[in-house]
Amino acid sequence: MKACVIGAGSSGIAAAQVLQARGIDFDCFEKGSKVGGNWRYENDNGMSSAYRSLHINTSRRVMAFKSLPMPEGYPDYPDHFQMAAYFDEVVDRFRLRERIEFGTEVLSVVPVDGSAGEWDVTIKGPGGEETRRYGAVLVANGHHWDPRWPEPAFAGADEFSGEQIHAHEYRESDIAKGKRVLVLGIGNSAVDIAVESSRIADATFLATRRGAWVIPKYLNGKPVDEIANSVTGLAPIPVMRAVLQRSLKVAVGSPTDYGLPKPDHKLLEAHPTVSSEFLPRLGHGDITAKPNIDRFTGGRGVRFVDGTEEEVDLVVYCTGYKISFPFFDPEVLAAPENVLPLYRRVVPADRPGLYVIGLVQPLGPIMPLAEAQCEWVADLISGRAALPPVATMEREIASEEEKQRKRFVASKRHTVEVDFYPYLREIRRERKRAAAPA
Ligand SMILES: Cc1cc2nc3c(=O)[nH]c(=O)nc-3n(C[C@H](O)[C@H](O)[C@H](O)COP(=O)(O)OP(=O)(O)OC[C@H]3O[C@@H](n4cnc5c(N)ncnc54)[C@H](O)[C@@H]3O)c2cc1C
Ligand SMILES: NC(=O)c1ccc[n+]([C@@H]2O[C@H](COP(=O)([O-])OP(=O)(O)OC[C@H]3O[C@@H](n4cnc5c(N)ncnc54)[C@H](OP(=O)(O)O)[C@@H]3O)[C@@H](O)[C@H]2O)c1
């Protein structure tokens, strides 16, 4: 039976490319009119979180698909226009464009009663609504499009007379012009937006409930993620930490040197906040670090947990994203609190025929991992490999989740966090271990 791919962002086109190369017939549905998902600025799917100035923060040589490097003329950290052009090149090079049904939204995905892994997929496209049956469904709908606002909202937020937006809605820095801006969070959205605001706003505050190790894009003249490779990237975390810590100390010192709180965790225990501009903007006094918001005090007033108060016009919540699957009944698949138990971060143990692609948050780029996941899934679909019994997968999932809880800071942003090279190795091992005897 045919496979179904949901989405033609980078994960969906990786799936399409691999399935096609492996001779597995498939349909691919894309809600928008173009490929590239999040990287298509102002995507007409209404889901992209890209802002005008966005560049990748994982360098192009590490981030590119194995199947097609990014153009040599690209800078180390291309912008979203270049990324979208690269995805266009990928689909044209592999003749995938004609395989993708654009302007077609998947409305529901339902397991077929009594079947062992068949799924009914209902779509709505230019030809109207229809339901097709598949033997495998590869879910690649992205996990950075459904904004997570502070939960619960801060006291008094409803009465705040300024503007409140989520990073997902932020497009251009103009919105900050002449305003007093408060950015909440210290992930990559927060530091990028605070830096932009600091050039144009009257004042910019960045409030955070915990500290972060801010890593510059370059160390020793090299993109920071090129320091590790497929061999050194498998070194024990304490060794990697010691190497990076030493370079960071020389290059930027400590976050506390810039007025940021001391991180409550070790380097590499949180998703990396990568910016070469953020710390100097703090040093210039154009961004002021604040602890978390305590409450809104009426009008434009905000009180922070240290008791200080500021008047602000605009609050930008850079508080991350929810993992959402609107086309599944939550009984079938859901990720409450961003938790979704998956075998090797791909396979729901009790849902044969279902595979989730790109649902990882690596210390590094997602794309090569999504590509590796697709190779494994193609092995499974074609019968070249088999999954272990459900009970074994469930045991393994529980053990992985336990390890992950120890490895990363407890936060909804880390529920799918993985180490880049170790995860790649895990998928490769899985492909070998599960290979069916000839
Ligand atoms: C601001 C920002 C910057 C980032 N920078 C980096 C970076 O530098 N490096 C990195 O590795 N990662 C980065 N990421 C992570 C980002 O999620 C990935 O780079 C990449 O976009 C993941 O691709 P994807 O295909 O899984 O998801 P998406 O890019 O979100 O694509 C999902 C696709 O599925 C389609 N779709 C969704 N639902 C349906 C449906 N029901 N029916 C049909 N189609 C559907 C959408 O239209 C979309 O085209 C960044 C994320 C954000 C928000
Ligand atoms: N290419 C780029 O330059 C670029 C730019 C932007 C984003 N991205 C990527 O996009 C993804 C999402 O990044 P993101 O920065 O939008 O989200 P994120 O990584 O999930 O970070 C969310 C931030 O908000 C904080 N937060 C969440 N809820 C909060 C609350 N109620 N009160 C106070 N603080 C709260 C989190 O703190 P805790 O840690 O305490 O939970 C964290 O600092 C990441 O993969 C990121 O790398 C990349």
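Student: What makes a set of residues a nonpolar core?

Tutor: A nonpolar core is a set of buried Ala, Val, Leu, Ile, Met, Phe, Trp, Tyr and Cys residues joined through C-beta atoms within 7 Å, where buried means that 20 or more other C-beta atoms, placed from the backbone, lie within 10 Å of the residue's own. This is a predicted model, in which local features need pLDDT of at least 70 and side-chain atom pairs count only at pLDDT 80 or more, while totals for chains, interfaces and linings use all residues. Residues are numbered from 1 along each chain as its sequence is written, and chains are lettered from A and ligands numbered from 1 in the order in which they are written.

Student: Which residues have the most contacts inside the largest nonpolar core?

Tutor: They are Ala15, Val137, Leu138, Val139 and Tyr355, in a core of 75 residues; its largest share, 10 residues, comes from helix α7 (residues 367-382). A second, separate core of 40 residues includes Ala167, Leu182, Ala207 and Val315.

Student: Why are β4 and β6 said to stand at the edges of their sheet?

Tutor: The open sheet has 3 strands in the order β4-β5-β6, with antiparallel pairing, and strands pair if DSSP finds at least two bridges between them. β4 (105-111) and β6 (128-134) each have a single partner strand, so one side of each lacks a neighbour in the sheet.

Student: What is the make-up of the shell around ligand 1 by class?

Tutor: The shell has 15 nonpolar, 17 polar and 3 charged residues, with Gly counted among the polar ones.

Definitions and conventions: Helices (H or I, at least four residues) and strands (E, at least two) are DSSP runs, numbered from the N terminus. A residue is buried if 20 or more other C-beta atoms lie within 10 Å of its own, exposed if 12 or fewer, and partly exposed in between; C-beta atoms are placed from the backbone.
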